[in-house]
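Subject: Structure handover

Hello,

Here is the structure I said I would pass on. My notes on it follow below.

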Amino acid sequence: MALCGVTSRRASEEIILKGRVMVNGETVDYMGCEVDPDYDTVEVDGIVIKPEAKKYYILLNKPKGYVTTVSDEFDRPTVMELVKDVHARIYPVGRLDYDTAGLLIMTNDGDFANVLTHPSHAVNKGYIAKLNNLPDNDALKRLREGVELDGRLTSPAKVEVLNPSKHGCEIKITIHEGRNRQVRRMFEAVGAEVTSLKRISVGNVTLGNLPEGKWRHLNDAERQRLMGRGKKNHSRSKTRYCPTVVGYYIKQFII
Ligand code: URA
């Protein structure tokens with residue numbers, strides 16, 4: 001009952017002893033009755049209770065050649081194959097194209113996903129784009145100030161040229177919108193072709209040296225920093241992320 005957020009363990013014992021708990025329709029007024037949350041129905045005062053699901057916050061280094069969906073109608077590999085060892089129903093937060101690599105966050109926490117993807121929260125996303133030419137100053141200015149895509153200017157972007165050479169360059173570009181193939185189309189709009197694209201950051205969270213195809217858990221500080229981005233429009237988020245929830249993975253427990 002404590003795992004279901006009903007009340008503390010001690011107070012749960014009192015509730016049980018008062019005969020207010022039923023398991024599969026039978027009153028249980030003694031300690032030590034084992035239940036399986038997948039099969040048994042537990043009621044307190046006639047209300048069905050369920051364990052709160054453990055929340056997962058995963059950072060995956062997505063390789064090229066994977067779609068960012070739970071299933072693909074064309075049978076292409078999906079990012080789900082890379083997180084098979086996470087035993088929870090997580091899903092990707094936002095999208096990276098099939099041919100884009102890098103930082104992808106996955107979670108089973110809908111509020112968290114909403115904070116990261118809602119346009120009003122304007123979470124920055126950083127990318128390294130490899131180009132086979134070197135955009136001139138006018139093109140860089142347009143990227144920074146906004147280019148027209150689908151009849152609408154993109155928001156100002158941070159743009160930094162790295163490693164320029166006669167064969168091309170790498171550009172670090174940071175945007176906070178999430179329009180379809182936005183980075184590639186922004187470069188196309190200024191006459192540059194992206195030969196490879198990798199996302200290296202979301203908010204303050206960076207990919208670091210996590211190998212391609214591998215995942216790790218976000219740590220508490222990273223998770224809270226990402227949530228902090230949305231606080232101004234998400235007054236409830238503060239109470240949602242205190243580390244109180246344990247448990248759906250504990251299959252058998254004692255009420
Ligand atoms: N912009 C793109 O063009 N592709 C991505 O995958 C992400 C941002």
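Domain bounds here come from an automatic or database domain assignment. With those bounds, the shell around the ligand takes at least three residues from domain 2 (54–122 + 204–241) and at least three from domain 3 (124–202). Please keep in mind that this is a predicted model.

Ligand shell. The residues surrounding the ligand are L96, D97, T100, R181, Q182, V183, R184 and L197. Sorted by class, three of the shell residues are nonpolar, two are polar and three are charged. The element that gives the most to this shell is helix α4 (residues 182–189), with three residues.

Sheet. Four strands form an open sheet in the order β2-β1-β4-β5, and the pairing is antiparallel. The edge positions belong to β2 (26–27) and β5 (47–49); each has a single partner strand, so one side of each has no neighbour in the sheet. In general, the strands of a sheet pair through backbone hydrogen bonds, in either a parallel or an antiparallel way. Strand β4 (residues 42–44) and β5 run antiparallel and are joined by three bridges. E43 has V48 in β5 as its bridge partner.

D72. This residue sits in the loop between β6 (57–62) and β7 (91–92). Apart from neighbours within four places in sequence, D72 is in contact with V67 and T78.

Regards

Methods
Residues numbered from 1 in each chain as written. Predicted model: local features only at pLDDT ≥ 70, side-chain atom pairs only at ≥ 80, totals over all residues. Near = placed C-beta within 6 Å. Helix = DSSP H or I, 4+ residues; strand = E, 2+ residues; numbered from the N terminus. Nonpolar A, V, L, I, M, F, W, Y, C, P; charged D, E, K, R; others polar. Contact = placed C-beta atoms within 7 Å. Pairing = 2+ DSSP bridges.
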